[in-house]
Amino acid sequence: MAEQLKIVGLVGSLRADSHTRKAVKIALEGAATLGAETELIDLKTYNLVFCDGGSDYPADVHRLRAAVSSAQGIILGTPEYHAGFSGVLKNAIDLMGFAQFGGKMVGLVGVSGGKMGAVNALNGLRTVGRNLHAWVIPEQVSIGDADDAFNDDGRLKNQALEERLHDLGRKVTQFAYLHTSKGARDFLEAWQAAPANPGGEQTAT
Ligand SMILES: Cc1cc2nc3c(=O)[nH]c(=O)nc-3n(C[C@H](O)[C@H](O)[C@H](O)COP(=O)(O)O)c2cc1C
């Protein structure tokens with residue numbers, strides 16, 4: 001891709017052997033195949049506090065904001081926790097806002113211990129993405145039975161599912177490009193500057 005894009009992946013689980021982390025990593029591989037710079041944001045490595053709605057936050061909150069601000073596309077990964085997405089991820093999102101998410105491409109990945117998958121978590125995240133004025137792409141990946149879904153090397157046993165994750169990463173990258181490339185910006189500028197009706201009013205014949 002002509003212009004350098006950055007895609008970050010946020011992992012909404014702090015567990016050492018997190019399946020969410022493995023899944024987000026695979027989605028980011030897909031983004032990298034299109035030349036995007038990628039960064040896996042492991043919330044375990046950030047010293048975050050609870051969001052209190054204030055503005056006096058420690059340095060790591062600003063470090064997290066800066067990492068997400070630097071990206072044009074975001075993969076949000078979450079475990080299904082009691083039929084929703086994780087509190088860890090919600091708190092991280094609450095510590096951010098429109099500045100980090102507004103107008104950006106977002107792809108969703110969920111894992112669950114049960115067979116039903118992480119659909120409730122993903123639906124909740126989709127609503128949050130809309131509220132943040134992000135473009136949450138329609139494709140999403142849900143990995144059920146997560147304890148049994150991965151090999152020891154972190155790859156998915158199901159090749160089709162692994163390809164879906166790669167595809168998600170690619171789609172987030174492609175649509176981020178369409179929204180941010182010079183060609184897209186020039187087109188938008190020309191469109192906005194164009195007269196409302198350059199051909200004049202039509203008259204019925
Ligand atoms: C607090 C908690 C709630 C959970 N709730 C659900 C649930 O509602 N449905 C489900 O299928 N699995 C549930 N699980 C299982 C997790 O989705 C599963 O262990 C998943 O692999 C955790 O993600 P991780 O591997 O990235 O840490 C729950 C686990 C925890 C710790």
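A residue is near a molecule if its C-beta atom, placed from the backbone, lies within 6 Å of it.

**Figure 1. The shell around the ligand.** This is a predicted model, in which local features need pLDDT of at least 70 and side-chain atom pairs count only at pLDDT 80 or more, while totals for chains, interfaces and linings use all residues. Residues are numbered from 1 along each chain as its sequence is written. The ligand is surrounded by 16 residues, and the closest are Ser-13, Thr-20, Pro-79, Gly-113 and Gly-114. Two or more residues of the shell come from each of helix H1 (19–33) and strand E3 (73–81). Helices (H or I, at least four residues) and strands (E, at least two) are DSSP runs, numbered from the N terminus. Which element gives the most to the shell? That element is E3, with three residues. Sorted by class, the shell has six nonpolar, eight polar and two charged residues. Here Ala, Val, Leu, Ile, Met, Phe, Trp, Tyr, Cys and Pro count as nonpolar, Asp, Glu, Lys and Arg as charged, and the others, Gly among them, as polar.

**Figure 2. The whole protein.** The protein has seven helices and six strands. Along the sequence they follow the pattern β-α-β-α-β-β-α-α-β-α-β-α-α. The C-alpha atoms fill a box of roughly 70 × 45 × 35 Å along the principal axes. Of the 205 residues, 40% count as buried. A residue is buried if 20 or more other C-beta atoms lie within 10 Å of its own, exposed if 12 or fewer, and partly exposed in between, with C-beta atoms placed from the backbone. Among contacts between residues at least 6 apart in sequence, 79% join residues at least 24 apart. Two residues are in contact if their C-beta atoms, placed from the backbone, lie within 7 Å.

**Figure 3. The largest nonpolar core.** In soluble globular proteins, nonpolar side chains tend to be buried together. A nonpolar core is a set of buried Ala, Val, Leu, Ile, Met, Phe, Trp, Tyr and Cys residues joined through C-beta atoms within 7 Å. The largest such core has 49 residues, and those touching the most other members are Ile-7, Ala-23, Ala-27, Ile-74, Ile-75 and Val-109. H1 supplies the largest share of this core, six residues. Apart from neighbours within four places in sequence, the contacts of Val-109 are Ala-23, Val-24, Ala-27, Ile-75, Gly-77, Val-141, Leu-165 and Leu-168.

**Figure 4. Helix H3 and its buried face.** In H3 (residues 87–94), the buried residues are Val-88, Leu-89, Ala-92 and Ile-93. Seen down the helix axis, the buried residues of H3 fall within an arc of 130°, so they line one face of the helix. The arc is that of the directions from the helix axis to the C-beta atoms. The cover over these residues includes E1, helix H2 (59–69), E3, strand E4 (84–85) and helix H5 (119–131).

Figure 5. The 13 residues of H5 should span 18 Å at 1.5 Å a residue, and its end C-alpha atoms are 19 Å apart, which agrees. The expected span is 1.5 Å times one less than the number of residues. Which residues of H5 are buried? They are Ala-121, Leu-122, Gly-124, Leu-125 and Gly-129. Seen down the axis of H5, these lie within an arc of 160°, so they line one face. They pack against E3, E4, E5 and E6. The face turned away from the buried side carries the exposed residues Thr-127, Arg-130 and Asn-131. In the loop between H5 and E6 is His-133, a residue other than glycine with a positive phi near 60°. His-133 counts as exposed, with 12 C-beta neighbours inside 10 Å.

**Figure 6. Helix H6 and its packing.** H6 (residues 159–180) has 22 residues that should span 32 Å at 1.5 Å a residue, and the end C-alpha atoms are 32 Å apart, which agrees. Among the buried residues of H6 are Leu-165, Leu-168, Val-172, Ala-176 and Tyr-177. The buried residues of H6 pack against strand E1 (6–11), H1, E3, strand E5 (105–111) and strand E6 (135–143).

**Figure 7. Trp-135 in strand E6.** Trp-135 is found in E6. Trp-135 is partly exposed, with 19 other C-beta atoms within 10 Å. Not counting residues up to four places away in sequence, Trp-135 touches Lys-104, Met-105, Val-106 and Phe-175.
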